[in-house]
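Reader: I have not seen this structure before. Could you take me through some of its parts?

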Amino acid sequence: MVRLREIPRTAAFAWSSGTSKPLLVTGTRAGAVDVDFSDETKLELWDLDLDNQEQGLELQPIASLSTESRFYDIAWGPPDADHPRGIIAGALENGALDLWDAEKLVSGDAEGAFMSRTQKHTGPIKSLQFNPLKPQILATAGAKGELFIYDVNDIANPFRLGSQGAHDLECIAWNRKVPHILATGGAGGFVTVWDLKTKKASLTLNNNRKPVSAIAWDPNNSTKLLTATPDDMTPVILLWDLRNSNAPERTLQGHEQGVLSLSWCQQDSDLLISCGKDNRTLVWNPQTGTRYGEFPEVTNWTFLTRFNPHNPTLSATASFDGKITIQTLQNTNPSTAQSAAQSNLDGEDFFTKAQTQPQGASFSLPKAPTWLERPIGASFGFGGKVVIFKKNATAPGQPRSSKVQLSHFSVDSDIGSATEKFEESLKTGDIKQICATHLEHAKTEEEKGDWLVMETLVSENPRQQVIQYMGFSKDEDADAADTDDAALDTSPAGSEIAKENGDLKKQNRLSSFFADGADGDDFLSDLAANKGAKTDSPFSLFGDGNTSLENSVTKALMLGNFHKAAEICLKQDRIADAFIIANCGGKELVDKVQATYLSQKKGSPSYLRLLSSVIAENLWDVVYNADLSDWKETMATLCTFAKPTEFPDLCEALGDRILESGSRKDASFCYLVGSKLEKVVTIWITELEEAEQAGMKESETDSTFSVHARSLQNFIEKVTVFRQVTKFQDSEKGLSSGWKLGALYDKYTEYADIVAAHGLLAVAQKYLDLLPLNYPAAEQRDLSLIWGFSHPSLLLGQVQSTCMQHQHHRSNQTPMRRQLNHSSQTRMLHLL
């Protein structure tokens, strides 16, 4: 045990009955004197202040008031509406019953705390107790066998039980299960059980004709009670079962002198504290009669001991050596207690201190108290299994036993079936069908667009299919050009001119057949001479009509200097002549003429800018500078002319521009076409979160987990299909940090957890295999799944360990020995 605090008083005491911090109220004990022979009688309130590490062992009262008489007993009733901290009742030596309001006492209003006084007893009141089931009822017992029952709301009008007797009543106790049953005991050697309904004694126990100093009812069994004998010749505690009152059921022997007080733990009927004239405080199991040990022995009688009603780890014991010791059942370390006691007795004052210092003692409970045991617990295992243990109903005094169940568990069965269906679809390789199914169930336009793009990318010529998906067609463009040409001049005058031209063409054709006019001469003049045909069409290389420029070009051509000739033509803006000459000078000269021509056409039609980029194989100019309102046309250009090595990066750059402008859907399209998984995953994760929020608003029956798991399932399916369609190869699996797909790896890990919990371990392992080798979650998760596959018996070991741990005290206490049922082990191994 550990001594937490000490109160330097010889006094009766009671614990506060509320659930707030523990307080003690004390009243100066009748029949005792202080070391200074003071005649003061006080009611005092004490705060243990357990949270204050600077608080010393010895306490000081937080409230104090004087009383007219000393106390034999004191009780603290539970709180109610009128008294938020309850009522304190004092059994006084002068026969008075005084009541105080605990709230006012705590708040410091000591004078205003007093409520009332009544004096129905003709002698001292030896014991009193509030009814635990009806707290407004209070019973008092005292000298000459006087026994009164009070209603605290009408304290002046109690009723009396029995008649005046020759022997004093020393103790009183209410039954904890039946509110109208009360037991009393006294110097006459009898225990009387009273029935308040009939206001008569219903049963009398013969306590071997020995006086009775204390009574305690079993907290769980209404027919069992304990009685204590203060006689030094037979210092025993008797356990009675009222169903057979002829003799006690069990006798607890351990005290060397008379027993003065009992406290049976309300939370654990296997724990009892007793104290007596041998200066000792013992801890028992009253159901079996086993004595667990004792608290440190003091130097005088211990006349009162009580468990804290709400925190039974704490208990207090009052003795005639002038101290009330507050101790705990925990941390019962023998070496610590003995070393502390030994250090207190070392030195020159050994013989002086030995008579006043408590003697060292220690004990270990063989099992955890009931309030520290878990009545039920669960642990999740691999493969969608859950292990549950829960306490079996056992008779009082019998060791606890638990039932262990192993069963399959699924938070949402639809998740497991959806995962299995998707994996089967992947095995068939029908990606188009998967896309079509998701298109049918898509809830947003963005989701539909993603699946349409992936369905397009499945085709043999994905670039051409993307162009058609965006609404472009070569045939349609040619037809549109023809239509535009025909629409250039639709006026009546234009129609007449066209008709006239048509007539002229017909005439020219006719005249050419006869060759009898100027047309025939012109025809012959257009023919060039060759080896087999000589023509009469003279011309002069350096004629008088030639300009100096023309002569310079002629000289350059004569010498085969095509570059010089083309350069002269370009300077004079004779672009057509320069292109004709360049055809003779090779591809390099043609490229030079093209570049010069296009560079001079700034502000000219946009097709020339596009043609310049295509010819120069520099589509970055189109990606970075083309108007985003024409992004589809830009994407079509990339699909038509981009090199395979540059195509993904060009699509990414276009998508980045579009995303910056605010169009997430169109940016996602570009990333999908360019197979940029790290970019599209970022968008999909945002869509995942939005889908979860929408799902929570729309669904009134699904849990948060179900909505999240289904959204995550859809996300994983989308990523998986995308990887398969684009034949994506993760280049980051060998990295140890700086993963661009880190957000995706987190989702893979989360998804693996979910599907593993639904029993799909192979699927979970499949997605964990996609993680980089050095990813933080990879090694741990992978190892766990491997052990889950190959060592299912580990789960049974975990269950055994968990169940046994729940039987341990939370300190250094030894575990309770308990065997799991062999059939339970067999069943668990079979299920695993």
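This is a predicted model: local features need pLDDT of at least 70, side-chain atom pairs count only at pLDDT 80 or more; totals for chains, interfaces and linings use all residues.

The questions below go through strands, helices and nonpolar cores in turn.

Reader: Which residue stands opposite Thr 302 in β27?

Author: β26 pairs with β27 (residues 314-319) in the antiparallel sense, over 5 bridges. Within β27, the residue opposite Thr 302 is Ser 319.

Reader: Why are the buried residues of α8 on the same side of the helix?

Author: In α8 (residues 462-469), Arg 463, Val 466 and Ile 467 are buried. They are on the same side of α8 because they cover an arc around the axis of only 100°.

Reader: What covers the buried residues of α8?

Author: The buried residues in question are Arg 463, Val 466 and Ile 467. Their cover includes α7 (445-457), α18 (631-641), α19 (647-661) and α20 (664-673).

Reader: How many residues does α23 have, and what does it reach from its first C-alpha to its last?

Author: α23 covers residues 742-757, which makes 16 residues. At 1.5 Å a residue, 22 Å is expected. The value in the model is close to that, at 23 Å.

Reader: Which residue just after α23 takes a positive phi?

Author: Within α23, the buried residues include Leu 744, Tyr 748, Tyr 751 and Val 755. Just after the helix, a positive phi of about 90° is taken by Gly 759.

Reader: Which residues touch the most other members of the largest nonpolar core?

Author: In soluble globular proteins, nonpolar side chains tend to be buried together. The largest nonpolar core here has 69 residues. Those touching the most other members are Met 635, Leu 677, Phe 715 and Val 721.

Reader: What does Val 721 touch, not counting residues up to four places away in sequence?

Author: Val 721 is a member of the largest nonpolar core. With residues up to four places away left out, Val 721 touches Phe 422, Ile 431, Ile 434, Cys 435, Trp 451 and Met 454.

Technical notes:
Residues are numbered from 1 along each chain as its sequence is written. Side-chain values use heavy atoms; hydrogens and water are left out. Helices (H or I, at least four residues) and strands (E, at least two) are DSSP runs, numbered from the N terminus. The expected span of a helix is 1.5 Å times one less than its number of residues. Buried means under 20% relative accessible area, exposed over 50%, partly exposed in between (1.4 Å probe, protein chains only). A nonpolar core is a set of buried Ala, Val, Leu, Ile, Met, Phe, Trp, Tyr and Cys residues joined through side-chain atoms within 4.5 Å. Contact means heavy atoms within 4.5 Å. The arc is that of the directions from the helix axis to the C-beta atoms. Two strands pair if DSSP finds at least two bridges between them.
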